[in-house]
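Subject: Structure handover and notes

Dear colleague,

Please find below the structure that I am passing on to you, together with my notes on it. I have kept to what can be computed from the atoms, and I would be glad if you read the notes alongside the structure.

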Amino acid sequence: MEPIVIIGSGLAGVSFARQYRKLERNAPLVMVTADDGGFYSKPSLSGALAGRKTAQKLLLKNAAALRRELNATLLTDVAIVRIDTASQVVSGPSGELGYSRLVLALGSDPARLPLAGDGTEDVLSVNDLGSYARFRDAIHGRNSVTILGAGLVGCEFANDLLAAGYAVDVIDIASQPLPRLLPPEPAMALRDALGEAGVRWHLGRAAVSVARTDAMQSRSPLVVTLDDGRTIQADVVLSAAGVEPRTHLAEAAGLAVNRGIVVDAFLRSSDRHIFALGDCAEMNGSMRPHVAPIALGARALAWSFHKKEHAANYPPMPVIVNTPALPVVACPPQIDDTGRWHVRRLSGGMLARFINHEGRLMGFALTGSACAKRHDLVRELSAPLPG
Ligand SMILES: Cc1cc2nc3c(=O)[nH]c(=O)nc-3n(C[C@H](O)[C@H](O)[C@H](O)COP(=O)(O)OP(=O)(O)OC[C@H]3O[C@@H](n4cnc5c(N)ncnc54)[C@H](O)[C@@H]3O)c2cc1C
């Protein structure tokens, strides 16, 4: 019998393997990863600079320790380049591996903005321990960082860089920070709190080019030009413009792919032996590139592999934004929910509720002191429909 094979040793791959091992101590399990197999918490990367944490300090477990914990074969520095669905084999540069069932936990790449200029190669992004180490090296001894993108990662880095003593500019084409998570009023409260802490915002503007001030010097300051012609000079430019799910392997293997690898409620792809979990997977037209749904999906998938099919039913899962200048918790309504935001100011915070035409809570956003109400609101969101 061929083993279960997991491609990817990030949060999705490791969470699934951990859950599966709770149920099946000895069934053969092989994990293959393009990186060195070191396990870390990705959300910690955008809150570690002020605490002077090196990449080494953020490493929770090296490959050898992970191998022992999971009682699994862990193949590191092996990039899988092909999946043969007919013969149930994956191939890397130096060989093939058969699978009984295959879990794709491939993650996502940072999205690249279409920028002109000779400084585009110098634009950094942080998506793993290695790129965190490179970013940390790049800002060492420098003063200013410009961040492209005011989403969760951009806002968290802005707060962390300020706390670490840097001058920070943030650019976003949206007119507010956290455009996918927050309605305007709480978003403006976050804008103001980070602004008071020192962030210089450039909202409603697109960066169009990044150029070196000295074409011959790789560490020369960079000039970011906005679509209104204004320029910002920065020692380092960090792109935090969202993610692109890694789908090329699945696509080349003939699996159904939309934005992500399309899976059903059981995390099964269009091939019945192949499953997908984490940033690379798309269910019901939604991507869920966050920690909580990965943990929940990993548990459901482990049960499906152990006994019988277990659907990954996602309850309301708020996203916690690590911006100490103004803590934020957001649980946005679904894209097709209709209704209206009702915003209440509390002392030291804001409570925004998205209510549909039947008076039912469909989503919420909390800032500051109101974040303490998170559990009550999740309970209200999860309450069964009357009748
Ligand atoms: C800076 C930052 C901060 C974040 N903060 C938060 C937060 O506060 N809250 C939250 O909920 N979420 C947060 N997220 C998102 C969350 O961290 C991710 O959703 C999650 O870590 C994704 O895990 P994953 O296993 O799907 O992908 P990854 O961790 O990227 O793992 C992908 C794995 O696949 C491997 N791989 C890829 N292709 C191949 C191949 N061809 N062959 C072999 N191996 C391959 C890679 O080597 C890697 O091991 C943050 C993300 C970032 C970048």
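The notes below go from the whole chain to the ligand surroundings and then to the strands.

Please bear in mind that this is a predicted model, in which local features need pLDDT of at least 70 and side-chain atom pairs count only at pLDDT 80 or more, while totals for chains, interfaces and linings use all residues. Residues are numbered from 1 along each chain as its sequence is written.

Overall fold

The protein has 9 helices and 27 strands, where helices (H or I, at least four residues) and strands (E, at least two) are DSSP runs numbered from the N terminus. Its radius of gyration, taken over C-alpha atoms, is 22 Å, close to the 21 Å that the globule rule (2.2 Å times the number of residues to the power 0.38) gives for 387 residues, so the protein is as compact as a globular protein of that length. The C-alpha trace spans about 65 × 60 × 35 Å along its principal axes. Of the 387 residues, 40% count as buried, a residue being buried if 20 or more other C-beta atoms lie within 10 Å of its own, exposed if 12 or fewer, and partly exposed in between, with C-beta atoms placed from the backbone.

The protein is divided into domain 1 (4–109 + 243–306), domain 2 (112–239) and domain 3 (333–382), with bounds that come from an automatic or database domain assignment. The centres of domain 1 and domain 3, taken over C-alpha atoms, are separated by 33 Å.

Around the ligand

There are 33 residues around the ligand, of which Gly8, Gly10, Lys42, Gly107 and Gly278 come nearest; a residue is near a molecule if its C-beta atom, placed from the backbone, lies within 6 Å of it. The elements that give two or more residues to this shell are α1 (11–23) and α8 (291–306), and the largest share, 3 residues, comes from α1. By class the shell has 18 nonpolar, 11 polar and 4 charged residues, where Ala, Val, Leu, Ile, Met, Phe, Trp, Tyr, Cys and Pro count as nonpolar, Asp, Glu, Lys and Arg as charged, and the others, Gly among them, as polar. Both domain 1 and domain 2 give residues to the shell, so the ligand lies between them.

Strands

Strand β27 (residues 361–368) is mostly covered, with 7 of its 8 residues buried. Strand β24 (residues 328–331) pairs with β27 in the antiparallel sense over 4 bridges, two strands being paired if DSSP finds at least two bridges between them, and Cys331 stands opposite Phe364 in β27. Strand β26 (residues 349–355) also runs antiparallel to β27, joined to it by 7 bridges, and Gly349 has Gly368 as its bridge partner. β26 and β27 form a hairpin with 5 residues between them, and Gly359 in the turn has a positive phi of about 80 degrees.

An open sheet of 3 strands has the order β19-β21-β22 with mixed pairing. β19 (261–263) and β22 (286–287) stand at its edges, each with a single partner strand, so one side of each is left without a neighbour in the sheet.

Finally, Arg344 lies in strand β25 (residues 340–346) and counts as exposed because it has 11 C-beta neighbours inside 10 Å.

With best regards
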